[in-house]
Amino acid sequence: MNNSTNKRQPKAQAFWLFFPAASLLAALAVPLSVWAVWSGTGWPAGLVGAGHGHELIFGFALALIAGYTLGPQPAAMLYPLFGLWLAARISWILLPNFLVAQILSPAFAILLAWHVVPRFSAAKKWRNKMVGPLIFLICMLAVIFWLSSGAGLAYTPWLPGPFLLMHSAIVGLLLLMTFMGGRIIAPAVAGTLEKKGIPLEARVQPRIEGSLILMLGCTTCLIAFPVADPLTGILLIVASALIALRTLRWKLWLCPERPDLLVLASGYVWLAVGALAAGLSLLHGSLPAPALHLITIGGLGTLSTSVMLRLAWQRSHRKPPPASEVFLIATLMAVAAISRFMAGASPFGASTLLWLSACAWALAYLWVTLRLLALAKHGQYRRK
């Protein structure tokens, strides 16, 4: 009886809910974080200092993970989970020093891990099995961040500081994007080339993928400890070379009729560029923050917008997004990534570059938000 009742429960696609919300958060959070410091007002308080990275990783990125991995879910589960995410975002941005705001974000991360991680337990190959633990680690970093910031229930001086934990979370996202991006790009390129009668032997490339999992998995932990910077830098440089080699072996220049794949590949290349720049900065003893922004803006920005639009267009129109749309967003992301990198480790000394980066990023995600809402409406009309 219970099974039949569960089957009759209406289900909603998680990405139609989480993707537009994540895009809107990204569009608002970055310029507001620049304004909070540049204006001298310190408002909104939750986006100052490490709070800026907190919202983009534990708010924006976790919403992307939720939208991409949850799939269709009963409304009774999906909407409360989304409500918890929304409450966590609003409370953290406006009142980050309140206990409720500090608890809601880790609570969402834990609940998301509880729903998502078991979905990957059935995988047979060890490379596929790592997705669940990696998502769990990224979610648990939200809890560790809370403890390390001094807001937890106990004093924990042995934990890395909030900024170092942000670095770990970024490398964890680098590994997740490397894995998931490869699993999206490889079959799509192979299918496109097969229609032309061109076989693609290098698809998933398991040896390279396995090496990247091991190296970036170690780097996720090592980057939180400055004493290991030389080793961390070397691992990031080698990982960059492997990501670049993997991309070249996909022969994407043979797919000029698929602009969506070319833009996806450009996001993948940004991962290699960011890993290389971060590795070199660690070897030279300089702050890695500008280089890590190449990963978060160039890599995460380009890949996330591409994946969101690609999935939305496939569900609503049964075709990939048009070239004009993806190229525009990829250009804005490139402007945002390059200008933020050029702004350096003390970006407010180069406020013009910083504002250029923030505005380009915000415009891209605002456009994606509007497109996702329009595509959702069209998809709903088609279902009727």
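In this predicted model, Ala50, Gly53, His54, Ile57, Phe58, Ala61, Ile65 and Tyr68 of helix H3 meet Pro162, Phe163, Met166, Ala169, Ile170, Leu173, Leu176, Met180 and Ile184 of helix H8. Sorted by class, this contact of H3 with H8 comprises 15 nonpolar residues, two polar ones and no charged residues. Two packed helices are described by the angle between their axes and the distance between the axes. For H3 and H8, where H8 spans residues 162–195, the axes come within 10 Å and cross at roughly 25°. Since angles under 35 degrees count as roughly parallel, H3 is therefore roughly parallel to H8. The crossing in which H3 passes H8 is left-handed.

Helix H3 also packs against helix H2. Here the axes of H2 (residues 14–38) and H3 (residues 50–69) come within 8 Å, with a crossing angle of roughly 165°. An angle over 145 degrees counts as roughly antiparallel, so H2 and H3 are roughly antiparallel to each other. As for handedness, H2 passes H3 in a left-handed crossing. On the H2 side, the contact is made by Ala14, Phe15, Phe18, Phe19, Ala22, Leu25, Ala26, Val30 and Ser33. The H3 side contributes His52, Glu55, Leu56, Gly59, Phe60, Ala63, Leu64, Ala66, Gly67 and Tyr68. By class, the contact of H2 with H3 has 14 nonpolar, four polar and one charged residues. Tyr68 of H3 is named in this contact with H2, and Tyr68 is likewise listed among the residues of H3 that meet H8.

Pro44 is found in the loop between H2 and H3, and the peptide bond that joins Trp43 and Pro44 is cis, with omega at about 0°.

Aromatic side chains come next. The structure holds 14 aromatic pairs. One of them is formed by Phe18 and Phe82, in an edge-to-face arrangement with 5.4 Å from centre to centre and 80° between the planes. This pair links distant parts of the chain, with Phe18 in helix H2 and Phe82 in helix H4 (residues 75–94), 64 residues apart. Residues under 20% relative accessible area count as buried. Phe18 is therefore buried, as its relative accessible area is 0%, and Phe82 counts as buried too because its relative accessibility is 15%. Phe18 and Phe82 also belong to one aromatic cluster, together with Trp85 and Phe108.

Lys251 is found in the loop between helix H10 (229–248) and helix H11 (259–283). Although Lys251 is not a glycine, it has a positive phi of about 55°. With a relative accessibility of 33%, Lys251 counts as partly exposed. Arg318 sits in the loop between helix H12 (289–317) and helix H13 (323–343). Arg318 is not a glycine either, yet its phi is positive, at about 60°. Exposed residues are those over 50% relative accessible area, so Arg318, at 57%, counts as exposed.

Technical notes:
Residues numbered from 1 in each chain as written. Predicted model: local features only at pLDDT ≥ 70, side-chain atom pairs only at ≥ 80, totals over all residues. Heavy atoms only, no water. Axes fitted to C-alpha atoms, helices over the stretch in contact; angles between N-to-C directions. Helix = DSSP H or I, 4+ residues; strand = E, 2+ residues; numbered from the N terminus. Parallel < 35°, antiparallel > 145°, perpendicular 65-115°, else oblique. Left-handed = near helix turned anticlockwise from the far one by under 90°. Contact = heavy atoms within 4.5 Å. Nonpolar A, V, L, I, M, F, W, Y, C, P; charged D, E, K, R; others polar. Phe/Tyr/Trp six-rings, centres within 6.5 Å; stacked < 30°, edge-to-face > 60°. Buried < 20%, exposed > 50% of the residue type's maximum accessible area, 1.4 Å probe, protein only.
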